[in-house]
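Dear colleague,

Please read them with the model open beside you.

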Amino acid sequence: MPTHVICCKANISMFISVVFSLIVIALPPFSQALESTRVVYIDTHNHMVGKWSMGQFDFAQQERNSLETMDRSGVKLSLLMPMPQTVNQRMLLKAEDLFPTAKKYPGRFAVLGGGGSLNILIQQAVKKGRVTTAMEKKFDARVLELVQKGVVGFGEMTAEHFSMTKEHPYESAPPDHPLFLRLADLAAKYDLPIDIHMEAIAEEMAMPRRFKSPPNPQTLKPNIDAFSRFLAHNRRAKIIWVHLGWDNTGQRTVALTRKLLIENPNLYFSVRIASGMKKRRVSIATFPLDTNGRLKSEWLSMFQEFPDRFILGSDEIVKPANDHPSAGSIHSTLGILGQLPSQLKSQIGYKNAYFLFKLKE
Ligand SMILES: [Zn+2]
């Protein structure tokens, strides 16, 4: 689709609405989420990756790919963020690499920061086994810099991140690490949420066999008690535990989610229904949909019981050819909206995200 750069805001929105109405006419509806032909939803967790040339990333094609899928699935705004990166990261990507996209398409993209800086500082501190005053100063300064540059939150952070491929590192940090607690205080101070990726390990377990060890460890240590300490450290810090619905340990159950929601008023979840789940052999028991693609009743009950604690975060990794295995997650994630009662649909679809990220409608 010819989504060119247009120089003024009015033209952009006019162009997008024309393009969108053409798409709506030209394409058959592909999900129940499209009951509404309006582009209203907020997808709070996405990434762009690509080639580095002349000292910067070129995301022009990724932007076009994103806008096309956003328009088709009813997403008005996509939140982009650097992935949680580690020490000696190749092709380091920071929030600064994403700001140009948000500037080019105002109202369509906004940026979270920290995955390419704060998360690395935490990984360094874990490896070092302590936090020095100099590290604290550097951490605080980077948080302030991100805030001043206009991030809408801190992410993607991680406390437990499995390596899926060679380019995708294994990362682990106690969720109650001193720098995570420090981030909670800073997030409260600046009133910006923290977006955190963490595989759920309620009890010690062997690494699921479909993940290679090394780089992944053979045994996984419990992290839920430490995560609870992180949540309790500063109740004014809003913490989003991302990728609910994409469970790689089999321990991220509705029971655990409900328990943590009850205990922690500052905890939120972004829901991800990844594409190609059957093929990728994820835990079926904790997957939100049944084999017919219907939202399981225990999931719907939980959404209804806590309507203001869930948002969408499809975790698309957008490449120039749009051929990453996660491509399509925006459709599968937005697809659950069509199965929700209308008020819940607007809360999870966008209202909660406007509140959490302090976005202007
Ligand atoms: Zn993630």
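Thr 249 counts as buried, because its relative accessibility is 12% and the cut-off for buried is under 20%. Please bear in mind that this is a predicted model. Thr 249 sits in the loop that runs between strand S12 (239-244) and helix H8 (254-263), and a polar atom of its side chain lies 2.6 Å from the backbone oxygen of Ala 200. When neighbours within four places in sequence are left aside, the residues in contact with Thr 249 are Phe 162, Glu 199, Ala 200, Ile 201, Met 205 and Pro 208.

Thr 165, by contrast, is partly exposed, with a relative accessible area of 47%, and it belongs to the loop between strand S7 (154-161) and strand S8 (171-172). Although Thr 165 and Phe 211 are 46 residues apart in sequence, their C-alpha atoms are 9.0 Å apart in space.

The remaining notes concern helix H2, which covers residues 60-73. Its 14 residues reach 20 Å from the first C-alpha to the last, which is close to the 20 Å expected at 1.5 Å a residue. The buried residues of H2 are Gln 62, Glu 63, Asn 65, Ser 66, Leu 67, Thr 69, Met 70, Asp 71 and Ser 73. After H2 comes Gly 74, which has a positive phi, near 85°.

How values were computed. Residues are numbered from 1 along each chain as its sequence is written. This is a predicted model: local features need pLDDT of at least 70, side-chain atom pairs count only at pLDDT 80 or more; totals for chains, interfaces and linings use all residues. Side-chain values use heavy atoms; hydrogens and water are left out. Helices (H or I, at least four residues) and strands (E, at least two) are DSSP runs, numbered from the N terminus. Buried means under 20% relative accessible area, exposed over 50%, partly exposed in between (1.4 Å probe, protein chains only). A polar contact is a pair of N or O atoms within 3.5 Å; within protein, one must be able to donate a hydrogen and the other to accept it, and residues adjacent in sequence count only if both atoms are side-chain atoms. Contact means heavy atoms within 4.5 Å. The expected span of a helix is 1.5 Å times one less than its number of residues.
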